[in-house]
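Here are my notes on the helix packing and the sheet. Please read them with the coordinates open.

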Amino acid sequence: MNPFATISSILAEILDLDPAEITPEAYVIRTLEAESIDLLEIGVAMQHRLGIVVDDDRLFLKNVRIVLSRAQHTDADALTALKSEYPHLSEDRLREILADLPAGPVLRVGDLVAYALAAARIGN
Amino acid sequence: MKLDFRGKTALILGASSAIGLALTGLLLEEGLAVIPTHSSAQGRDAIRERYPDLAAASPRLDLADKDGLAGLAKILETPVDYLVDLAQADREVLLAAAGEADMDAYFQAHIAHRLALLKAVTRSMLTRRFGRLIYVSSTAAALPAPGQGLYGAAKRAGEGLYQSLGLELGARGITSLSLRLGLVDAGRGERFLDQDDRRQTLADKIMTVDQAAGTLLFLLCDQALALTCTTITMDAGLTAQKYA
């Protein structure tokens, strides 16, 4: 199963976008300009159309800064903390997120796809 | 005036109450499907007695039972357009005398578990971009009598949840309203009125079940959808004056 087509269709519909604009590399908030109410709808649509259980905080990487702050307070390794919170993302992707964080919200369409694939594996 | 309803199905929490039973009848007359919930065997029997055809469709849903709320997923397989929330356990105790386990359980049930339920219901409504939420509150939220501290605080918290949901989801077609009822001649209102000579001294402040249910029906209809993100009071003037 490749959920990209479904996720792309959901994003196009909710954000009123041309599907051609939606690539796995596109930033959901920074570039596609999704707002919090849009994220809520995207999560609900993914849950219904893909038949997966959705945790909005994890799906949309909402707590990245909180996780990193907690790690800093406990002298824990930042990458390890992110791996524990977001096991659906690869180590390379998490390193990229750490480097990219100062530029703004890091969520990419590919992260939604990775979440859906992991959730489907757990469901199966 | 003919009332219009763009939705088809209403979920009524606490439907075995006198107001819930009356509202169920009004909604059925309007051609809507009703899912009436109960939280006790007594409630289940009350629904069965009044609406035998709905008995099989009446799920048990008790805010005090968090695990039982998992049953919501099954209920929400039927698209729900309207939610009327009459679920509230009574608890009369002076706050300074309230047991800690009791107060924790009461607020868990009526605030945290209510929010969990609302989250599931509104997420289901979001997929259709329509939903109407009505919370039946009480004048005790504004003016609690001594002993109504837990009840009044939970009601006010409930109003807050509904107001915020209407605010946050209004752009997606989900509206919400709280209705503060005063002295309704049923349930705890009836028990209150039956004490001393209250029926005489408060005669012009007593409302009937039909008045409350009829108002709820109107508040659900399309014509009332602009009443959202707010709380209105229906108490025959009970809380309008400074002194009795």
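1. In this predicted model, strand β1 (residues 9–13) of chain B is joined to β2(B) by four bridges, and the two strands run parallel. One residue to look up is B:Ala10, whose bridge partner in β2(B) is B:Val34.

2. The pair belongs to an open sheet of six strands in chain B, with parallel pairing and the order β2-β1-β3-β4-β5-β8. The edges are taken by β2 (33–36) and β8 (230–234) of chain B; each has a single partner strand, so one side of each is left without a neighbour in the sheet. On average, and with direction ignored, neighbouring strands of this sheet are turned by 20 degrees against each other.

3. Which strands does α1(B) touch as it packs on the sheet? The contacts are with β1, β2, β3 (82–85) and β4 (131–138) of chain B. The direction of α1(B) makes about 160 degrees with that of β2(B).

4. Helix α5 (residues 149–169) of chain B lies across β4, β5 (174–181) and β8 of chain B. Its direction runs at about 155 degrees to β5(B).

5. Besides packing on the sheet, helix α1 (residues 18–29) of chain B packs with helix α8 (residues 209–220) of chain B. The angle is about 50 degrees and the axes are 9 Å apart. The crossing of α1(B) past α8(B) is right-handed.

6. On the α1(B) side of that contact are B:Ala18, B:Ile19, B:Ala22, B:Leu23, B:Leu26 and B:Leu27. They meet B:Val209, B:Asp210, B:Ala212, B:Ala213, B:Gly214, B:Leu216 and B:Leu217 in α8(B). By class, the residues of this contact divide into eleven nonpolar, one polar and one charged.

7. In chain A, helix α1 (residues 4–15) and helix α7 (residues 109–123) pack at an angle of about 130 degrees, with their axes 10 Å apart. This pair, α1(A) and α7(A), is therefore oblique. Its crossing is right-handed.

8. What makes the contact between α1(A) and α7(A)? From α1(A) come A:Phe4, A:Ile7 and A:Leu11, and from α7(A) come A:Val109, A:Leu112, A:Val113 and A:Ala116. The residues of this contact divide into seven nonpolar, no polar and no charged.

Conventions:
Residues are numbered from 1 along each chain as its sequence is written. Chains are lettered from A and ligands numbered from 1 in the order in which they are written. This is a predicted model: local features need pLDDT of at least 70, side-chain atom pairs count only at pLDDT 80 or more; totals for chains, interfaces and linings use all residues. Axes are lines fitted to C-alpha atoms, for helices over the stretch in contact, and angles run from 0 to 180 degrees between N-to-C directions. Angles under 35 degrees count as roughly parallel, over 145 as roughly antiparallel, 65 to 115 as roughly perpendicular and the rest as oblique. A crossing is left-handed if the near helix is turned anticlockwise from the far one by less than a right angle, and right-handed if clockwise. Two residues are in contact if their C-beta atoms, placed from the backbone, lie within 7 Å. Ala, Val, Leu, Ile, Met, Phe, Trp, Tyr, Cys and Pro count as nonpolar, Asp, Glu, Lys and Arg as charged, and the others, Gly among them, as polar. Two strands pair if DSSP finds at least two bridges between them.
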